[in-house]
Amino acid sequence: MTQANPAGPTPAVEEMPLIISVDDHVLEPRTLWWDQLPAGVRERGPRVVREKVKLEFSGGNYGFQRDVPDGLWCDVWVYDDLVFPTGLLHAPAGFPEDEVSNVPAIYEDFRPGVYDQAARLADMDVNHVEAAVNFPNTFPRFCGQGFAERGDKELAYRCIRIYNDWMIDDWSGGAGRGRLLPLTLVPLWDPELAAAEVRRCAAKGSYAIAFSENPSRLGFASMHSGAWDPLWEACQETGTVVTMHIGSSSHMPSTSPDAPLAVSMALSSQNAQGSLMDWIFSGTLARFPALTVAYAESQVGWMPYLLERADLVWRDGVGGVDLPQPPSTYVPGRVYGCVFDDQHGLISREAVGMGNIVFETDYPHSDGTWPHSREVAHRLCANAGMDADDTYRFLRGNAIKAFGLERFGIAK
């Protein structure tokens with residue numbers, strides 16, 4: 001159903017505003033940690049070895065065999081006790097759909113824009129994208145779980161700092177300044193240390209961190225414990241946005257061990273729903289009134305009912321939580337949901353809150369819309385009857401506000 005908009009039609013495709021994508025990804029340099037770590041720990045830090053590998057998929061789980069003579073060449077990340085093969089599904093942008101499958105890959109199999117700054121900027125130009133936030137892509141995973149899971153936390157913290165310095169100074173520096181927006185990692189095992197890293201990175205020009213949608217799932221303190229308050233204080237103090245990607249709890253929703261992958265994929269926004277309730281009912285958003293959070297790949301169509309239900313629970317006083325204001329009041333202008341293909345959410349934008357919706361291209365993933373993101377955005381906006389103002393807010397205006405992009409010279 002298309003919602004008529006008396007304010008005017010959606011701009012034509014060629015008149016769509018330049019996109020700011022709040023969820024893209026970058027492949028980490030293969031030699032980053034090998035080059036930066038001292039010789040004494042280099043062998044235990046993240047590094048790539050090239051081997052012939054077979055990838056397997058059974059019962060919803062991925063596996064692999066190493067050093068298989070009839071396998072395919074693969075760039076395998078090795079880090080302490082971790083072995084993590086690179087697969088084509090990590091970055092299939094530009095491949096014909098019928099060639100995208102779960103097979104081993106080396107970096108040279110991918111588009112250079114997956115890991116090379118100049119090539120990425122060129123790919124963004126082709127895709128009508130002015131600026132993009134870049135999440136990790138392979139072994140660090142979406143909030144740095146790959147570091148948090150290692151036993152040697154001193155080494156893990158050194159590796160996080162190396163990653164963050166590369167993200168800020170190299171990937172997002174030079175020609176990337178104001179276009180490749182830095183997203184830094186924090187040591188999830190220590191909220192005080194994480195707060196110190198937020199302040200260090202903010203001083204270097206990074207104002208967004210990747211966090212877990214559910215840290216309890218990773219074995220760390222829950223949102224209800226209060227243990228994360230030092231981190232939230234640092235984020236609020238520095239104007240740093242807390243971003244959470246689906247899957248950043250290392251768990252995807254499903255119903256039973258034998259449920260097909262389709263069940264989990266259809267329920268992908270469920271983790272974001274639970275996370276938002278944790279942020280609200282833990283009192284975190286109430287205690288830190290200037291804190292901003294953003295959900296990547298979350299979609300938004302679920303928000304109106306969930307917040308309505310949360311308000312009813314609060315009103316009836318049956319949830320064991322004492323909040324000074326209704327749950328829904330903590331969301332406007334502070335909680336952002338990211339859309340890549342949520343027609344219902346855009347049709348329901350008045351109930352969601354037009355100011356809370358941002359856009360992503362998800363380059364270079366299989367769900368990504370490169371190089372047709374402008375056309376996809378136009379279809380979504382036109383089918384929802386969005387006028388020029390709503391289209392602008394969706395594709396860039398809300399992202400500028402959410403991430404404080406005037407600090408990067410993006411004011412409108």
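Q: Which ring does the charged end of Arg 150 sit over?
A: In this predicted model, the charged end of Arg 150 sits over the ring of Tyr 79, 5.8 Å from its centre; a charge counts as over a ring if NZ of Lys or CZ of Arg is within 6 Å of the ring centre and within 35 degrees of the ring normal. Local features need pLDDT of at least 70, side-chain atom pairs count only at pLDDT 80 or more, and totals for chains, interfaces and linings use all residues. Residues are numbered from 1 along each chain as its sequence is written, and side-chain values use heavy atoms, leaving out hydrogens and water.

Q: And what sits over the ring of Tyr 207?
A: That is the charged end of Arg 407, at 3.9 Å from the ring centre.

Q: Switching to aromatics, how many pairs are there in the whole structure?
A: A search finds 18 aromatic pairs, where rings of Phe, Tyr and Trp (its six-membered ring) pair if their centres lie within 6.5 Å, and planes under 30 degrees apart count as stacked, over 60 as edge-to-face and the rest as tilted.

Q: Why is the pair of Trp 33 and Phe 139 edge-to-face?
A: Because the planes of the two rings are at 70°, with the centres 5.3 Å apart.

Q: Is Trp 33 buried or exposed?
A: Trp 33 is buried (under 20% relative accessible area, with exposed over 50% and partly exposed in between, for a 1.4 Å probe and protein chains only), and its relative accessible area is 0%. Phe 139 is likewise buried, with a value of 0%.

Q: Which residues do ring pairs link into a cluster?
A: The cluster includes Trp 33, Trp 77, Tyr 79 and Phe 139.
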